[in-house]
Structure formats: C-alpha cells, structure tokens
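Subject: Structure handover

Hello,

Here is the structure for your files. My notes on it follow below.

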Amino acid sequence: MVRGSVGVIFGETGTLEFKMLVSDSTAVYRGAYIKAWHETDGWVLAQVINITRSSESFTIEEAKAGQRKDKSDDRIVAEVIVIGTRDKEGMLRSPTIPFSPGDLIYIADEGLIRSVLGLLGQDMNIGLLEGTGIKVQLSVNSLVQKHCSILAKTGSGKSYTAAVILEELMDRDIPLLIIDPHSEYTSLKMQGPDDPEAFKKYGVTPKSYADRVTVYTPANKAINPDADETFRLNGMNLTVKDLTSIFPDNFSTTHTGILYEAIQSLRAEMETYTIDDIIFAVGNDKSKAKWSVISMLENIRDTDILSPNPTPIEALVRKGKVAILDFKGVPPDMQSMIVAQLCLNLFEARKLDRVPPGMLVIEEAHNYAPEKGFSKTVSTDILRTIASEGRKFGLGMMVISQRPARIDKNVLSQCGTQIIMKVTNPNDLKAISKGLEGVNSYVEDELMRLPAGVAMLVSNDIERPILVDIRIRRSKHGGESVNVLMAAQTQSLPPPPPVANAPPLPEETPVLRKTAPPLPSAAEPATIEENRVSAPPPKRKPSRPPKNDGGKLFTRIFGGGK
Ligand SMILES: Nc1ncnc2c1ncn2[C@@H]1O[C@H](COP(=O)(O)OP(=O)(O)OP(=O)(O)O)[C@@H](O)[C@H]1O
C-alpha cells in the first residue's frame, strides 16, 4: 500500500457511493472523512458510514483458545458515501462518472473538509468536528437571524450545548433574553471548574458572565431568593383583550361583555385605571355573572404579576447584557401568559428599534409553542410570528426542547440551524426527519446512538449534517441531575407533621404567601423594585366581601390556601 493511504476502492462503484478495502484497522472509523482521487473531478471528499470485518481463516484451536495469533488476513470493508468537491465557482459537485476500482483512499485534510462541507464560518467556536481536531465555527448572523433549535431527549446535553452557544453570543455582546423554566441558566454567572486538558483541547478558557447576567423572577424573592430583580407586567389601563388573554379559557362571552362595559365606563371617567378600578366597575353591573368576573380579576390581581411599575423591555434587552426570566415557583399557565406578553412587547419594541437586535431563548419550547392537538397556550401565536417575521427585524429565536414532536411545526420549521443530540422516541425522530432537509434513515440511526456531548448539526450554511463534539463550557453547568440516593442518605428528615394540639402556624409562612411577601430583614435590604412590588397601590373599596378560599389560582399555586 502506498504511504499515507488507508485503503483502496474495490468492487462495484458508483458516483455517490463505493466500497473500500481498508488497509489498517485503526486508520478509519465510522464517520471518518476520507478523500479519493477522481479522474475527472480531482480530490473528492467522502465519509465512511459503515465498516465490517471478517475472517474465515482462523483455526479451531485458535477459536477454542479464544485467541487468534494472526489477524493479517482479516478483511475490513468500509461503505463510503461521496460528499463531493467544490468547482471553480465554489459550487458543490459530485462526480458524474463512477470511481475507479483500485484507486487509493487517504484521510481527508482540513482544507478539503472545510471547503467541501462549508465550514468556513469564522465566528462562534461550538466544538470540534467529531473525530478530528477541526474547530466548528458558526456564523453569528446566520445563527441568530435564521433562528436555531436544540433538540434532544432529556439528559443528552441540550442545556449544556445551549449554554455553549450563549457564551459565544455573550462574548460578542449579543443581547439575550432567556426563558428559563428550571433555573438552569443562572449558573452562567459562575466560572466553570478548571479542567486544563479539556480547555486546551477546545481552545477556550474558564469564565464567569456575572457582569452581564441579571436574573429576574416573576414570583418574588421569598420564592426565588437567588433572583436579582423581580419581573412585572404592566397593570395599568388594561384592555379587555389584555385581561382575557391571561386565562382565555375562563372568560365566556357574557364575562367578556361585562368586562367590556366596565372598562368602557372607566375610560369615560378617568385617564388611568388599575385592575382594582376594573373590579370596582364590574361590581356595578346588575347581573349575577359579575361575581365570576370579579373572582377571575381578583385571581389575576392576587398573582402580583401586574404592577403600575412594569419591568421595561428596554431594561431586559441591552447590548452585551443577558436577562434570564427564571420561572421557579410560577405555575405553567401563568408562565405562558408571561411569555406571551413579554414576547409581544419584545417584538413591538424591536420593530420600533427601541431595543437592539438580539436573541430570544426559549427552554422547554414545547410548553410555550405546543403543536396542535397536544395543548393550547396563549404564547403560541407570538412565538410563531417571531419565528416567521423576527428575521426581518434582527430578532432571533433559539428553541430548546426534549419533545420535538410536540413543538409547533411552524416554529420548528423556521429554524435555519438545528442542533440535535441523542433522540430515541420514534415520534420525535419522525418529527425531526420530516422537518429537515438532508436527514435520511442513516442520520436517524446516528441520532439514536449519539453519546452525551455530541450533537448533529444541520444548517443552511453547511452542506450536510455533521457531528460536533460540543466544547467544554466556560461557565459552570447548572442542569446537573439530582443524585437521589445521595440526597436521601445525606439530607436531614423533614419535620414531623403537626400533632393535634400543636399551636397554629404563624400567619406569615413566607414561602407560601405570594400576595404579601415578608418584609426584608435589616441584613437584606430590599431593592427599589422589591419595595415597589411589595407595596401595591391602595385598593379601592372592595367590590364584595373577600372570599375565604383565596381564589382558585391562588389555591393552585400554593396548595390548600390558608
Ligand atoms: N459537551 C459536553 N461536555 C461535557 N459534559 C456534557 C456535555 N454535554 C452534556 N454534558 C453532561 O451531560 C449531562 C446532561 O446535560 P444537560 O443537563 O445539558 O442535559 P439536558 O438534555 O439539558 O437535560 P434535561 O432535559 O434534563 O434538562 C450534564 O451533567 C452535563 O455535565
């Protein structure tokens, strides 16, 4: 065999595939990029998709001993698919006449791999082309403008990979707004543990992003003490649509009619009005149905998410800054409502250039933009709009989910870059391959076997799906799963249930009360925002005697009520 070659083409050949007799069992592996000289096209890039090894020459003695002395007769055969070559105009071409049996095969060099695959981006370092030392660098513009999805089954490395991309975007001062249902991204503030070898391998250094990241809680600091700020939506001059879109299933036509009349009368009377004013005005209605409307409005008011001092979108989306909306302690239907309102504000603000171009990151996207037939949420429409129109306004979206089959197809299909990690659920695999060009049964097979930390990258900018060994995070990873056994063995037991004659619990049990969070202690001075939120405007005279059960939503959020 000629020096440097790893095999020879043999048997029946085609223009898109051929077989190769491998000369050295360690020289090529499944997925390896190789090159073959083609008589008309020159060097052509190809990839090994399967390898088999066979031997019929060993003796019974060798088999009995479980050892073979001579393996030199083993026949190692690789199945190869042709990727192609770039012509003078830079177009990808594959040969039109078959490869020639007997021609030698070599390991492909970096230049050929980069140019043929289209790995010419110079921006974001997300890792290494699997099995090589070649850096995979994506274009920031393309990834942000044309949206991106990260899909994988749970525990395969979605949030790790997302954080790697977010770090790269932060290093380039791209504003980010992250919807974080499980407090996984707050650890961007912390530097990752030192692992010199891994950092050297991927060409990065550990880093904390604490100076860029602000964590917002739509609940309060008693529920989420790690948050930096509270997040509030506008509670002034709410329209019928604003209110009914919060919990659309609860408002019938009659309820909407009552609300409409009440708000009309308020508008005729005053320039600005609060939700308490609306409750008061609804109280003047003559019908019995008003009590249901009042109850629903009180439920909305009691969540505390509405405030006369809402968090401005301009504070969340700023050059070089990252806002994390940490949904810890916020019930799911409230989360969708908040995502809907927030994204509407974001889209409007971006259209009017009130905030800079940036990226909206949606974790657990199947909950906020579910596919028809799975569930319905108020946030789907605006997320669809951003997916289809965001690009025009420089508003990108990163969609992250463990259930690709359950995400709205209109949203998923708009993502120009797909990063897919291990997926085994057949419906999810089907959803992925349906939505992507260039994903065939070989690719589906590959997806089921991917090890943690390796992703398949499918992008408009890259000629065919590639596997990427995702780089180490610069910041600390926050999505570690809980070691149940260790927790059970080390954590102290919860206090025993109260005995019959035990004294009642104090009136304020901080974590459970949301409408009146405890005042901060002297050691922990409250921020201005906290004071603002914990002291709502004086309420008008109650429109009816308060109910003892505290309202349905309140009960749902906090369990049994008082
Ligand atoms: N590129 C990587 N390098 C090193 N470790 C990784 C990498 N990707 C994932 N991991 C490890 O794999 C584990 C699971 O990753 P991650 O938390 O990102 O999974 P996930 O898909 O987001 O899971 P979930 O759906 O439960 O949130 C983590 O403990 C992480 O440390």
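Setting aside neighbours within four places in sequence, Val 361 is in contact with Ala 162, Leu 166, Leu 176, Leu 177, Ile 178, Ile 179 and Met 398. Two residues are in contact if their C-beta atoms, placed from the backbone, lie within 7 Å.

This is a predicted model: local features need pLDDT of at least 70 and side-chain atom pairs count only at pLDDT 80 or more, while totals for chains, interfaces and linings use all residues. Residues are numbered from 1 along each chain as its sequence is written.

Overall

The protein has 19 helices and 21 strands. These are DSSP runs numbered from the N terminus (helices H or I, at least four residues; strands E, at least two). Of the 562 residues, 42% count as buried. Buried means 20 or more other C-beta atoms within 10 Å of the residue's own, exposed means 12 or fewer, and partly exposed is in between, with C-beta atoms placed from the backbone. Among contacts with a separation of 6 or more, 72% are between residues 24 or more positions apart.

Helix pair

The axes of α7 (residues 253-269) and α8 (residues 275-283) come within 9 Å and cross at roughly 110 degrees. That makes α7 roughly perpendicular to α8 (65 to 115 degrees). Axes are lines fitted to C-alpha atoms over the stretch in contact, and angles run from 0 to 180 degrees between N-to-C directions. On the α7 side the contact is made by Ile 258, Leu 259, Ala 262, Ile 263, Ser 265 and Leu 266, and on the α8 side by Asp 277, Ile 278, Ala 281 and Val 282.

Backbone

Most residues other than glycine have a negative phi. Asn 237 has a positive phi of about 50 degrees; this residue is in the loop between β14 (233-234) and α6 (240-246). Asn 237 counts as partly exposed because it has 17 C-beta neighbours inside 10 Å. Glu 364 also has a positive phi of about 50 degrees, in the loop between β17 (358-362) and α12 (365-368). Glu 364 is buried, with 22 other C-beta atoms within 10 Å.

Regards

Notes. Angles under 35 degrees count as roughly parallel, over 145 as roughly antiparallel, 65 to 115 as roughly perpendicular and the rest as oblique.
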